[in-house]
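Hi,

Here is the structure I said I would pass on. Have a look at it first, and my notes follow below.

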Amino acid sequence: PVIEIPEIHFNKVAPLFSNLPEAKQTVDIQPMEQFNQGWGTILYRTTLPEATPAGTVLKITEVHDWAQIYAGGKLLARLDRRKGEFTTTLPALKKGTQLDILVEAMGRMNFGKGIYDWKGITEKVELQSDKGVELVKDWKVYTIPVDYSFARDKQYKQQENAGNQPAYYRSTFNLNELGDTFLNMMNWSKGMVWVNGHAIGRYWEI
């Protein structure tokens, strides 16, 4: 029989940037495989050594597969490998601004020229402006697995949302009977769902 579950209100949030694992250091950017990670999400973080004028282009070679760009904790852009999106134009940023690039692996190509399908950022990050091209170096790297144990052990706070920042959301609900049902994620953007520690699946607003 089909059942309807009660409406679920999420009021416990663990922002990802406040719950990061231990950082790894690298001068030159490297794909996630170099950090013993084969899937999931990886965060590349650095600080800008100089002020960046408005109109500077951030170019990533290449994003594999879906990236979110943050400066000073503010979401600036999302880049999608499927659409060939590897650049974004930056606003004016002060010296010392924290630059975060959060990259999610979306699965691997297994044929043709794409069979060597490294994940994360596969080669380099550049800043292109009227002054020329500058290679961005000195990264902190955080590997973020898709395991439930990683999501479970975060520091959840009583709040309704984390704004435009990635986060884990938690709630509970009670059932009086068992039956077939589904979770309607139409008001959410992109992520994964666990129920009682079991992976239910991924969702994406597209």
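Let me begin with a turn: in the hairpin of β14 and β15, with two residues between the strands, Asn196 has a positive phi near 50°. Keep in mind that this is a predicted model, so local features need pLDDT of at least 70 and side-chain atom pairs count only at pLDDT 80 or more, while totals for chains, interfaces and linings use all residues. Residues are numbered from 1 along each chain as its sequence is written, and side-chain values use heavy atoms, with hydrogens and water left out.

β14 (residues 190–195) and β15 (residues 198–204) pair in the antiparallel sense over six bridges, and Lys190 has Trp204 as its bridge partner in β15. On terms: strands (E, at least two residues) are DSSP runs numbered from the N terminus, and two of them pair if DSSP finds at least two bridges between them.

Now the sheets. Six strands make an open, antiparallel sheet in the order β2-β11-β3-β8-β5-β6. Its edge strands are β2 (24–26) and β6 (74–80), each of which pairs on one side only. The twist averages 20° from one strand to the next (axes are lines fitted to C-alpha atoms, with angles from 0 to 180 degrees between N-to-C directions). Three bridges join β2 to β11 (residues 139–144), with Lys24 opposite Val141.

Four strands form another open sheet with antiparallel pairing, in the order β7-β4-β9-β10. At its edges, β7 (87–89) and β10 (132–135) each have a single partner strand, so one side of each is left without a neighbour in the sheet. β4 and β7 pair over three bridges, and Lys59 stands opposite Thr87 in β7.

What about the inside? The largest nonpolar core has 27 residues, and those with the most contacts inside it are Tyr44, Ile69, Ile101, Val125 and Trp139. A core here is a set of buried Ala, Val, Leu, Ile, Met, Phe, Trp, Tyr and Cys residues joined through side-chain atoms within 4.5 Å; buried means under 20% relative accessible area, exposed over 50%, and partly exposed in between (1.4 Å probe, protein chains only). A second, separate core of 13 residues includes Leu16, Ile144, Phe150 and Tyr168.

Then the charges. Taking a salt bridge as a side-chain nitrogen of Lys or Arg within 4 Å of a carboxyl oxygen of Asp or Glu, the count comes to twelve. Arg45 pairs this way with Asp100, the closest N and O atoms being 2.6 Å apart. That pair links strand β3 to strand β8, across 55 residues of chain, and both Arg45 and Asp100 are buried.

Glu104 and Lys190 form a salt bridge too, with their closest N and O atoms 2.7 Å apart. This one links β8 to β14, 86 residues apart. Glu104 counts as buried because its relative accessibility is 17%, and Lys190 counts as buried at 18%.

For contrast, look at Arg152 and Asp153, whose closest N and O atoms are 3.2 Å apart. Arg152 is partly exposed at 41% relative accessible area, whereas Asp153 is exposed at 51%. There is also a salt-bridge network linking Asp65, Arg81, Asp117 and Lys119.

Have a look and tell me what you think.

Cheers
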